[in-house]
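My entries follow the order in which I looked.

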Amino acid sequence: LRIVMLGLLLAWLAAIARAFDLTAHLPRWPRRATSGGAALLLLALSAPHAHAQSMPSQELLSQLRDRLLEAPKCAPQCAASPLAQVAMRNDGADVTIEVDAGARIAFPLPYMDAPAALANVTLDGKADPATVRRDGQTWIALERGVHRIGLGFGFGGDADHAVLHFPLAPPRAQISATGWQTSGIDGTKLLSDTLTFARERALPNSDKFETAQQVFPPYVTLTRSIALGLDSRVDNTVQRIAPARGGFAVSVPLLPGEHVTNPNIKVEHGQVQVVFDSNQGGAGWSGTLDPAGALALHAPGFGERAETWEIAAAPLLHLSFAGVPESGDNGPGGAHVFHPLPGETLQVHITRPPALGGDSIAFDQVTLDATRGDRALESTLTLAARSTRGGEQGIDLPRDAQLLGVQRGGESLELNLHGGHLALPVQPGVQTFALRFRDASALGMSSGTPQVALHARAANIKLSLSLPQDRWVLWTWGPQAGPAVLYWAELIALLIVAIALARFAPTPLRWWQWL
């Protein structure tokens, strides 16, 4: 339709031009092009206006930025260092590290603490590669592939102590350190991300060597927190004493019957391997203890470590100690604390006093809410139970009752009634049960709450019965502390008043009229 309208408009304009002879004063070629020029003019006027966009949209800019900053597919494991080689010299150290790069990345270089300083860097045998230092860390640009990075460190003065850190620690390292003592490595396996070196000094007129005065062998304190009960456990805490910095590893023996529960703790031949990083001040692990009637704790020699023992027991156990005097201070939760001297042994005897006779469960509160309908009686029984041991507690509901649901602490339980008997799974401690059941019985002249047998002592019992709106309560019976129908007492009082008014009041009304 638009094409037809445009054709008619062009024809109309051509007819107007011929009627008024508008083309007579134009040259020959413009007259022939009049109709075509009008069409082009109309097309130009009807065409949408085009504007050049001066700047891309914010959405397009965000997409371009995300594309430029997109992490490679191998992230965050784009680099791995399988091996490091360290050669210690008198005046410095040479470190060679192999790096496998899965993409074009920036790799953090190993560094040494002061007074050591980085002197030169080589990449695949070429000197002065592209590096950048940011936030105290030196980074080197690596293309995708396998690379070999060489670092040269120089010591300011005659340094006796050196610490080498690996931001990305390799699993293996080869050390050549003649005249130096090395810690933080077991064979070729790095124990942490730090290697510590201490220079060996020769004594005058002697062929023996001694370590520099400010370098100490690893020394830690161990605190064993033992909790004895039905399920005994032990929590071990190891604190660094020496050296003040640097990585190292120590071996700590397990207690008799102790089983480590931490998955990342290494145990070999009954010894726990505890590894400290360069800036790590403490470590620890947890474990369980086998049930036993006695426990022996042995203090190590003074040169190995210092130990502290904290022993606590559940109320159902009795402890007696021999061998080490108890400290005056109490540990967490009133635990017994011992600070043994080197070589001392603590004997712990564990006994369980016989239990006294009595009930193991009691109901602190019982609430029974019954709602009477024309064809059935639906009830909700709420029990606040307190038990000293786990097991089953049987209760009796009406024999023809239908169980609608059971909850313990808000959690549904799948239980069944057997001839009106229900077995509740009871756990040690305080818990709440909610039982819903229905008794199919028709509403008659009398109605009451269902009979429930708890088979245990109960207190704070509350019974309630809701009747339909078309029923009146005329009389109640049951416990002494319960509801009372006050209507009959009021009726008797009104009858006495009505008789008195009919007898003594100067009116012609009879007593039933007054009533």
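The entries below begin with the ground rules and then turn to each topic.

**Ground rules.** I am working with a predicted model, in which local features need pLDDT of at least 70 and side-chain atom pairs count only at pLDDT 80 or more, while totals for chains, interfaces and linings use all residues. I number residues from 1 along each chain as its sequence is written, and side-chain values use heavy atoms, with hydrogens and water left out.

I then listed the contacts (heavy atoms within 4.5 Å) of Phe197, not counting residues up to four places away in sequence, and they include Val86, Met88, Leu164, Ile175 and Trp180.

**Ile97.** I placed Ile97 in strand S3 and read a relative accessible area of 1%, so Ile97 is buried (under 20% relative accessible area, with a 1.4 Å probe and protein chains only). Leaving aside neighbours within four places in sequence, Ile97 is in contact with residues including Leu83, Phe107, Pro110, Ile149 and Phe166.

**Gln431.** I found Gln431 in strand S36 (residues 429-439), buried with a relative accessible area of 8%. Its side chain reaches the backbone oxygen of Gln427 at 2.4 Å, and a polar atom of that side chain lies 3.2 Å from the backbone oxygen of Gly429. Beyond neighbours within four places in sequence, the contacts of Gln431 include Leu383, Ser387, Arg408 and Pro425.

**Largest pocket.** I searched for pockets (on a 1 Å grid over the protein atoms alone, open sets of points with protein on both sides within 12 Å along at least five of seven lines, lining residues having an atom within 4 Å of a point). The largest is lined by 26 residues, of which Ser447, Gly448, Leu465, Trp475 and Thr476 lie nearest its centre. By class, I recorded 14 nonpolar, nine polar and three charged residues in this lining, with Pro counted as nonpolar and Gly as polar.

Note on methods. Helix = DSSP H or I, 4+ residues; strand = E, 2+ residues; numbered from the N terminus. Buried < 20%, exposed > 50% of the residue type's maximum accessible area, 1.4 Å probe, protein only. Polar contact = N/O pair within 3.5 Å; in protein donor to acceptor, adjacent residues only side chain to side chain. 1 Å grid on protein atoms, 1.4 Å probe; cavity = no way out; pocket = protein on both sides within 12 Å on 5 of 7 lines; lining within 4 Å.
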